[in-house]
Protein chains: 2
Amino acid sequence: MPFHAICFGRQYGSGGHKISAAVAEKLGYAFYDKDLIVLAAKNSGLSEETVKQTEEKPVRGFLLGMMTGSAQSHGTIHGVGTPLSDKTFIAQSNVIKDAAQKSDCVFIGRCADYILKDHPGLISIFLYADSKARAKRISEYEKCSEKAALGMMKKNDRKRASYYSFYTGRKWGVMNNYDMCVNTSALGIEKTVELITDFVLDYIRRSDNAE
Amino acid sequence: MPFHAICFGRQYGSGGHKISAAVAEKLGYAFYDKDLIVLAAKNSGLSEETVKQTEEKPVRGFLLGMMTGSAQSHGTIHGVGTPLSDKTFIAQSNVIKDAAQKSDCVFIGRCADYILKDHPGLISIFLYADSKARAKRISEYEKCSEKAALGMMKKNDRKRASYYSFYTGRKWGVMNNYDMCVNTSALGIEKTVELITDFVLDYIRRSDNAE
């Protein structure tokens with residue numbers, strides 16, 4: 001039986017990080033967020049600082065097949081002259097794929113849902129929220145006005161959408177790419193965690209029965 | 001405390017009708033689907049046959065304010081020379097709004113989420129599914145091949161999207177318009193009904209506590 005990989009996409013300020021971390025804890029799954037960068041840096045031979053600087057700035061066209069194709073091997077894909085951001089993406093993809101082979105995991109962002117699209121244990125979830133709730137959460141986190149938070153919200157959404165679209169060829173936040181999409185304003189953080197955990201457990205039970 | 005109105009949008013072949021009817025039964029709420037047409041016809045003075053013929057064919061631009069504005073009264077909006085399809089939409093809107101004032105309800109389709117956008121007890125849910133699962137369900141229901149079902153699926157989605165966009169000015173099936181969006185292929189009909197019922201009950205508990 002394959003390991004389960006729960007991939008979260010999320011709008012900035014939706015509480016997605018908190019929710020996905022809590023779901024991972026409830027399920028006892030490994031949780032991959034920023035730590036992924038560190039792992040990716042180590043595995044790729046790029047310095048951690050370089051990875052941090054480049055990881056969300058796609059700079060040019062990218063041969064998707066290079067990193068999604070089954071012929072790809074970790075040993076040969078580096079050093080073919082791709083820009084740093086592409087190298088970082090490839091390194092992150094390898095970390096994500098390796099982790100999903102080794103244990104049950106929760107991933108947040110970084111196109112993990114696309115990178116693991118052929119993984120038999122994939123469950124894909126998107127978290128969003130009302131603009132007002134997002135702005136309030138961002139302003140508290142970033143210690144800024146709600147007006148400034150609204151600006152950051154738009155900028156970050158654009159960045160995530162562009163990054164996702166650049167590396168996957170898919171449109172970010174389109175429901176058909178996910179198993180469930182939840183407005184976190186509806187139930188709040190705690191109950192959303194419960195809802196998603198129940199969903200995941202039901203999903204896994206159903207997959208197990210189908211085998 | 002206002003009555004609760006659960007509005008379902010759904011892709012054709014997603015099992016949305018079965019799921020929303022089951023959720024209504026579980027919650028003990030009134031269920032409004034095709035019966036709405038009959039009620040609308042009776043209330044508007046249009047014959048049932050005419051309503052059926054026109055109800056999903058928007059034919060021209062429409063003054064949204066006419067039916068959403070608070071100044072509108074049931075007595076004066078009819079007979080102002082609007083085409084039949086607009087009259088049908090207005091009649092249906094009135095039925096939906098009246099029903100939501102009188103008891104807890106579940107509505108399916110017919111832009112009810114938009115018509116009730118200012119209703120304090122609104123919970124809005126969208127149901128979708130994988131294309132393969134939808135085609136299978138449609139082919140069983142319509143007794144046709146899966147290829148023919150795929151064609152019907154695309155045609156019906158286009159029709160629903162166009163109808164929704166025409167009368168609401170919103171894009172159909174965009175997650176931010178809903179409290180939750182569920183891929184019914186993930187858990188299947190029965191477990192999706194449970195998931196949604198739990199979501200609704202949690203939502204209501206949270207609203208009650210906030211008051």
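Which residue of chain B forms a salt bridge with A:K191, and how far apart are the closest N and O atoms? I looked it up in this predicted model: the partner is B:D202, with the closest N and O atoms 3.9 Å apart. The cut-off for a salt bridge is 4 Å, so this pair counts as one of the two salt bridges between chain A and chain B.

On the chain A side, β4 (122-128), β5 (180-183) and α10 (184-210) each supply at least two of the residues that touch chain B.

Then the totals. I find 25 residues from chain A and 25 residues from chain B in the contact. The buried area comes to about 2200 Å², with carbon and sulfur atoms giving 57% of it.

I also looked at strand pairing between the chains. β5(A) runs antiparallel to β5 (residues 180-183) of chain B, and three bridges join them. In that pairing, A:V182 stands opposite B:M180.

Last entry: B:R10, in strand β1 (residues 5-10) of chain B. Is B:R10 buried or exposed? Buried, because its relative accessibility is 17% and the cut-off is under 20%. Leaving out residues up to four places away in sequence, I listed its contacts, among them B:F126, B:R160 and B:W172.

Notes
Residues numbered from 1 in each chain as written. Chains lettered and ligands numbered in written order. Predicted model: local features only at pLDDT ≥ 70, side-chain atom pairs only at ≥ 80, totals over all residues. Heavy atoms only, no water. Helix = DSSP H or I, 4+ residues; strand = E, 2+ residues; numbered from the N terminus. Buried < 20%, exposed > 50% of the residue type's maximum accessible area, 1.4 Å probe, protein only. Contact = heavy atoms within 4.5 Å. Buried area = accessible area lost by both parts, 1.4 Å probe. Salt bridge = Lys/Arg side-chain N within 4 Å of Asp/Glu carboxyl O. Pairing = 2+ DSSP bridges.
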